[in-house]
Amino acid sequence: MDPVFRFNRTAGWSVGQSLISVSQVSLWQARCPSTDREALEGHVSADIAIVGGGLDGLALALHLAESGRAPVLLEADTLCAGASSASAGIVAPQLVRNLPNQVARKLGQAPAERFLRMLADAGRYCFALISDRNGGCDAMANGFLAPSSGAAGRAQAAAAIEQWRPFRTDLALLDAEAVAALTGTRRYSSALLDPTGGALNPVAYGQFIAREAERLGAAIHTGSPVRTIERHNGRWRVTTAGGSIEARTVVLCANGGNRLLNRELRSTILPLEVCQVATQPLSAAQRAAILPQGHALTDTEANVFSIRFDVDGRLITAHPMSRDLLSPEYLHRVINDRLAASLPAYEPVPLEFAWSGTAWLNSSLLPRAVRLEDDLFALQACNGRGIALSGVIGREFGRWLASDRREACALPIEPPKPIRGYFIARNAPKLIMKTSLAAQRLRRALGGDQSHA
Ligand SMILES: Cc1cc2nc3c(=O)[nH]c(=O)nc-3n(C[C@H](O)[C@H](O)[C@H](O)COP(=O)(O)OP(=O)(O)OC[C@H]3O[C@@H](n4cnc5c(N)ncnc54)[C@H](O)[C@@H]3O)c2cc1C
């Protein structure tokens with residue numbers, strides 16, 4: 001029998017007695033109760049201040065602390081309250097819609113090589129960071145699949161593997177039979193397999209990094225929204241309601257919040273709101289048929305389909321967010337129809353968690369540090385693929401900040417790059433996803449498409 005869904009504007013969706021919420025409590029937050037730190041009180045002095053305690057800010061804090069430059073980090077809410085806790089937790093060490101040759105065109109040959117070498121290490125580094133320190137984090141290092149349908153998709157995957165070869169030789173191109181065996185669907189004709197990817201609980205990962213950073217001397221304050229960042233006596237003054245930090249260097253890691261803290265960043269990122277859903281744990285028979293070896297999957301189609309399991313066998317999938325999804329009956333039908341259309345072994349089950357979040361995309365879809373002024377930087381590393389990358393970005397940018405010489409950094413450091421036609425473009429990511437989903441539903445209704453609705 002279908003569960004009873006209710007949506008309450010302040011509390012979120014509810015199913016029977018158990019509450020599921022939109023934007024506020026994801027599966028990961030439910031599994032990892034928040035571990036608040038003290039809010040900033042009074043005036044402190046620091047070498048480096050970080051604004052934002054998502055995966056990027058925390059990873060940077062850890063690596064600065066490891067380099068002997070223990071920073072002070074201010075988080076407005078709880079740790080990982082933003083995109084990090086809203087994510088699917090897929091460790092996908094691959095760029096969104098950028099192949100290595102495109103990166104070289106955008107960055108130039110030598111910077112691109114440094115950047116791609118850093119990226120090539122992202123998945124391995126993420127899981128090693130956890131396992132070397134017994135971090136747990138429900139880490140599942142079983143590999144990441146990026147499947148596609150049609151000859152063009154296969155050619156793209158083959159090109160990606162070829163272009164990555166100078167930096168890594170472990171990527172594999174799978175044919176239709178191999179993809180079907182690893183996914184449980186015959187919808188795809190090929191896939192790129194990245195053996196260094198997988199999945200984890202992103203909130204557990206953030207909390208683990210925070211503990212490590214603190215152990216090495218970083219100070220972390222939650223419940224401390226930053227209000228202003230101003231020049232004061234040749235240093236930066238970062239002010240919250242309860243106190244302030246004077247620092248030589250400030251790094252904004254507030255993701256979408258960055259644009260509210262600095263005018264120059266306002267039109268440099270576009271929002272893409274995404275709904276994530278976790279089903280109740282699937283039966284053993286379904287689990288044996290869908291992603292039987294525990295891979296995580298995000299396909300390369302325009303109306304992106306992604307699935308992974310959590311450690312308890314819940315299937316987690318994404319859908320572009322829209323007001324319609326606030327109707328629990330609609331959400332239930334849309335998600336279950338899409339899963340059933342893609343995965344023959346899937347039988348509709350109640351949804352246990354639903355939440356939403358905003359992925360922020362920059363103009364190149366490549367992670368970068370933005371240099372705003374002397375010793376004032378902002379990280380733009382989301383682009384919907386930030387989990388695997390956060391560790392290596394924190395390591396490389398942290399080393400660069402900590403070094404006195406500040407030579408070439410593997411993470412591109414660029415001036416603010418406003419997006420042309422921002423007020424029209426800001427709806428583009430949502431429209432592209434929605435149009436592509438609608439087109440696919442129509443094709444399916446007309447009998448010409450067997451893929452996900
Ligand atoms: C729905 C969704 C699904 C995703 N799924 C995946 C996935 O499966 N795999 C993947 O690799 N990537 C995924 N991503 C992208 C990934 O989540 C992000 O790249 C990553 O979490 C970004 O981390 P961050 O630290 O930059 O930002 P955030 O996690 O957003 O952290 C920013 C922090 O700054 C804080 N903040 C904001 N303003 C202020 C202020 N004024 N003062 C102090 N603090 C402030 C916020 O509270 C927040 O905690 C997904 C994103 C979304 C939205």
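**Notes on the model**

1. N134 is found in the loop between α6 (122-132) and β7; helices (H or I, at least four residues) and strands (E, at least two) are DSSP runs, numbered from the N terminus. The phi of N134 is near 50 degrees, a positive value in a residue other than glycine. N134 counts as exposed because it has 7 C-beta neighbours inside 10 Å; a residue is buried if 20 or more other C-beta atoms lie within 10 Å of its own, exposed if 12 or fewer, and partly exposed in between, with C-beta atoms placed from the backbone.

2. As to the basis of these points, this is a predicted model, in which local features need pLDDT of at least 70, side-chain atom pairs count only at pLDDT 80 or more, and totals for chains, interfaces and linings use all residues. Residues are numbered from 1 along each chain as its sequence is written.

3. D375 also has a positive phi, of about 60 degrees, although it is not a glycine. D375 is found in the loop between β20 (368-373) and β21 (376-380). With 17 C-beta neighbours inside 10 Å, D375 counts as partly exposed.

4. An open sheet of eight strands has the order β8-β9-β7-β16-β17-β18-β15-β19, and its pairing is mixed; two strands pair if DSSP finds at least two bridges between them. The edge strands, β8 (172-175) and β19, each pair on one side only. From one strand to the next, the twist averages 25 degrees.

5. Strand β9 is mostly covered, with five of its five residues buried. S190, L192 and D194 point one way from β9, whereas A191 and L193 point the other way. In a regular strand the side chains alternate between the two faces of the sheet. β7 and β9 pair in the antiparallel sense over five bridges, and S148 stands opposite S190 in β9. β8 and β9 run antiparallel and are joined by four bridges; L192 in β9 is the bridge partner of L173.

6. Helix α7 (residues 150-164) lies across β7 (144-148), β8 and β9 (190-194), running at about 25 degrees to β9. Axes are lines fitted to C-alpha atoms, for helices over the stretch in contact, and angles run from 0 to 180 degrees between N-to-C directions. Two residues are in contact if their C-beta atoms, placed from the backbone, lie within 7 Å.

7. The antiparallel strands β15 and β19 are joined by 11 bridges, and L272 stands opposite A359 in β19. Helix α12 (residues 328-342) packs on the sheet, touching β15, β18 (314-320) and β19, and its direction makes about 110 degrees with that of β18.

8. L291 lies in the loop between α11 (284-289) and β16 (296-298). L291 is buried because 22 other C-beta atoms lie within 10 Å. Not counting residues up to four places away in sequence, L291 touches T183, G184, L297, I307 and F309.

9. The ligand is surrounded by 41 residues, the closest being G52, G54, G82, G257 and G386; a residue is near a molecule if its C-beta atom, placed from the backbone, lies within 6 Å of it.
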